[in-house]
Amino acid sequence: MTRPSTPSRSHRLRRLVLLMAGVLAGGAGLVVTGSADAGTTLGAAAAEKGRYYGAAVAAGRLGDSTYAGVLNREFNSVTAENEMKWDATEPSQGRFTYTNGDRILNHARANGKSVRGHALLWHAQQPPWAQSLSGTALRNAAINHVTQVATYYRGKIHSWDVVNEAFADGNSGGRRDSNLQRTGNDWIEAAFRAARAADPAAKLCYNDYNTDGINAKSTGIYNMVRDFKARGVPIDCVGLQSHLGTTIDSTYQANIQRFADLGVDVQITELDVQQGGNQANIFATVTRACLAVPRCTGITVWGVRDCDSWRTGANPLLFDCAGNKKAAYTAVLDALNAGGTTTPPGSTTPPPGSTTPPPGSTTPPPGSTTPPPAGGCTASVSMNAWTGGFVATVRVSAATAISGWTVTVALPAGTAVTGSWSTRAGGTTGTVAFGNVDYNGRIAAGGSTEFGFQGTGTPPAGTPGCSAA
Ligand code: XIL
């Protein structure tokens with residue numbers, strides 16, 4: 001498997017910085033700083049690797065303080081476990097209810113977490129009225145559902161599972177029979193087009209299970225994604241649910257890689273692993289596989305504690321029923337923190353005040369990279385704008401390790417910030433300072449993290465300023 005390009009670049013930069021620090025220090029004694037910048041929660045550790053770590057959340061459990069405590073501390077992304085599904089959001093045709101979806105969304109946004117939308121169209125958990133439709137009536141109702149729900153949540157969803165579980169199990173590699181499939185094979189691309197039109201900022205994912213390795217089903221999906229990319233059907237990501245048993249396919253990482261190679265992101269969307277086998281190792285293997293593929297952008301576990309899981313008796317999650325961390329939790333955290341967070345042995349740290357090169361120290365040879373100033377950060381923006389509004393996704397990058405950041409954005413007159421995620425916004429108009437939240441302030445050398453905001457009016461232009469703590 002090819003090594004990820006970003007970590008190896010950052011390792012080279014780190015080594016160069018440390019080498020030069022050693023030169024400046026005149027080769028003073030060896031100091032291994034250990035894991036000073038290792039994340040202490042799943043969200044923080046994943047953010048240091050430019051990824052998110054999320055959990056499926058049930059609105060009805062948010063009032064449980066143990067549950068909410070673990071959720072708020074550990075995870076920086078949430079997925080509504082049931083509350084944004086078709087039966088929940090459109091219980092009768094044309095009447096939309098977002099009460100429980102909003103409870104999850106608002107809880108997430110108030111705590112600086114991004115939100116995965118799940119799921120716009122699926123053969124399961126359809127409201128009874130949709131189950132009884134067919135043909136053009138069902139197709140129109142389905143596309144209207146996509147449009148209405150994606151429009152309601154426009155600008156607030158990191159990624160949508162636009163279509164869930166449309167492929168058949170087994171060796172056919174083809175579509176699953178369903179009322180939606182019987183409206184015509186193009187129902188999936190029609191759904192993606194409607195979702196893009198409704199929410200141009202959301203990443204649009206196809207999500208499925210039994211796709212946790214290279215097999216007939218994942219190959220069928222691979223061929224669909226390749227075809228979509230070739231024909232310009234808007235698709236940004238593939239979700240691998242990863243409801244796993246006591247083994248993991250040896251091609252798990254290779255499968256992620258082949259989707260990434262098509263030019264889509266991969267997200268592990270519903271991870272849970274049967275307890276009683278190699279649970280901790282399997283969780284660690286999934287984590288390492290995602291970290292090894294730069295386009296694998298995040299992992300979501302399907303619930304918080306074992307007793308919250310839909311897999312009754314499997315105890316497939318990272319926390320026990322009392323909210324205690326399991327061995328699987330430690331395995332995941334260690335895997336997230338491995339590599340790139342510990343100063344390599346043998347490196348040296350300059351003593352305080354040793355800024356003057358000692359006599360005889362050498363000037364770096366021509367063409368060598370000058371180490372950036374300590375504590376610096378840079379910000380870059382990817383903008384999705386439409387008439388009257390925009391969503392900005394901002395990447396904060398740190399050349400050397402930092403422990404906090406503030407990004408300053410100058411908004412044009414008449415433009416206002418209406419929402420933000422993974423940041424605390426210091427205002428809504430004029431020049432707005434966006435600060436880090438608890439879990440994404442610390443960025444390892446060469447690492448980055450993302451936050452976002454949406455607004456009304458004309459999008460800001462230019463590169464925002466970044467200052468680090
Ligand atoms: C499950 C929920 O966890 C349960 O609470 C519900 O009763 C059924 O659905 N694949 C999916 C998820 O995409 O939506 C499913 O969630 C689990 C399988």
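Ala, Val, Leu, Ile, Met, Phe, Trp, Tyr, Cys and Pro count as nonpolar here, Asp, Glu, Lys and Arg as charged, and the others, Gly among them, as polar. With that in hand, welcome to a predicted model in which local features need pLDDT of at least 70, side-chain atom pairs count only at pLDDT 80 or more, and totals for chains, interfaces and linings use all residues. Residues are numbered from 1 along each chain as its sequence is written, and side-chain values use heavy atoms, with hydrogens and water left out.

**Around the ligand**

- His118 places a polar side-chain atom 2.6 Å from an oxygen atom of the ligand.
- For Glu270, the distance from a polar side-chain atom to a ligand oxygen atom is 2.7 Å, and for Asn164 such a distance is 2.9 Å.
- Of the 420 Å² of accessible area that the ligand has on its own, the protein covers 78% (Shrake-Rupley method, 1.4 Å probe).

**The cavity**

- The structure contains 1 cavity of 30 Å³ or more (on a 1 Å grid over the protein atoms alone, a set of points where a 1.4 Å probe fits but cannot get out; points are joined across faces, edges and corners, and the volume is the space filled by probe spheres set on them).
- The largest cavity holds about 30 Å³ of space.
- Its lining residues (an atom within 4 Å of a point) include Lys85, Trp86, Trp122 and Gln125.
- By class, that lining divides into 6 nonpolar, 2 polar and 1 charged.
- Strand β3 (residues 114–122) gives the largest share of the lining, 4 residues; strands are DSSP runs of E, at least two residues, numbered from the N terminus.

Note on methods. Polar contact = N/O pair within 3.5 Å; in protein donor to acceptor, adjacent residues only side chain to side chain. 1 Å grid on protein atoms, 1.4 Å probe; cavity = no way out; pocket = protein on both sides within 12 Å on 5 of 7 lines; lining within 4 Å.
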